[in-house]
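Biologist: Could you pick one part of this model and take me through it closely? I'd like to hear what sits on its surface.

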Amino acid sequence: MEQPVVFQLWQMGAATVVGAAMALFYDVLRLLRRSWPRLTLPLDVVFVAVLTPSLLLLALYGGRGQFPLFFYPLLILGAWVYFHTVGPPLRRILTALGRLLRRFFRLVFLPFGLLSKKSKKLKKYLFSSGRKWVKIGSKRKHSAPMGCTTDGGTQDET
């Protein structure tokens, strides 16, 4: 069963566009990864969670239920074209946008940071460590009430 040449060209274009779109998504995640290094693993999971369905949809709709071998090099070609043409200027724009967003969020969350610092100072003033707080609490539980001896009788004041 042969496929028309126009349909094969459409498949090639779709695979190239999906490769470029995944490269763009990777650049956005790279910006987040550089801003918050602790999010590397969750962002990688997000990338795979988006890549897998996009390849599935490409195979279902672009390949009519099949994933032809020519999709692989065309996906790579799409990513390569993105990274070498549109990628560098767009990366600069994304970096500037990331800096703007970071400044905005710092400004928005500044009161919470100050409140956190004040609460830390208060906690440090009251208890120099959490372990001491637990010790104080456990000593209160296990100590005998005032006016009682440890043998169960009461003390007489004379």
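Modeller: A helix here is a DSSP run of H or I at least four residues long, and helices are numbered from the N terminus. Keep in mind that this is a predicted model. Let's take helix H3, which covers residues 71-126.

Start with Arg102, which is found in helix H3. Its relative accessible area is 31%, so Arg102 is partly exposed, since that class lies between the 20% and 50% cut-offs. Arg102 also belongs to a positive surface patch, together with Arg99, Arg103 and Arg106. Patch members need over 30% relative accessible area, and Arg102 has 31%.

Now for the greasy side of the story. Leu97, Leu101, Phe104, Phe105, Val108, Phe109 and Phe112 make a nonpolar surface patch of about 680 Å². Phe112 has its place in helix H3 too, and it counts as exposed because its relative accessibility is 53%, with the cut-off for exposed being over 50%.

For contrast, look at the other helices. Ser54 lies in helix H2, residues 40-62, and counts as buried because its relative accessibility is 16%. The side chain of Ser54 reaches the backbone oxygen of Leu51 at 2.7 Å. Ala14, in helix H1 (residues 5-35), is at 17% relative accessibility, so Ala14 counts as buried as well. The C-alpha atom of Ala14 is 6.8 Å from that of Gly62, although the two residues are 48 apart along the chain.

Notes. Residues numbered from 1 in each chain as written. Predicted model: local features only at pLDDT ≥ 70, side-chain atom pairs only at ≥ 80, totals over all residues. Heavy atoms only, no water. Helix = DSSP H or I, 4+ residues; strand = E, 2+ residues; numbered from the N terminus. Buried < 20%, exposed > 50% of the residue type's maximum accessible area, 1.4 Å probe, protein only. Polar contact = N/O pair within 3.5 Å; in protein donor to acceptor, adjacent residues only side chain to side chain. Patch = residues over 30% accessible without salt bridge, like charges linked within 9 Å, V, L, I, M, F, W, Y side chains within 5 Å. Areas by Shrake-Rupley, 256 points an atom, 1.4 Å probe, with all protein chains shown as cover. Salt bridge = Lys/Arg side-chain N within 4 Å of Asp/Glu carboxyl O. Lys, Arg positive; Asp, Glu negative; His and termini not counted. Charge placed at Lys NZ, Arg CZ, Asp CG, Glu CD.
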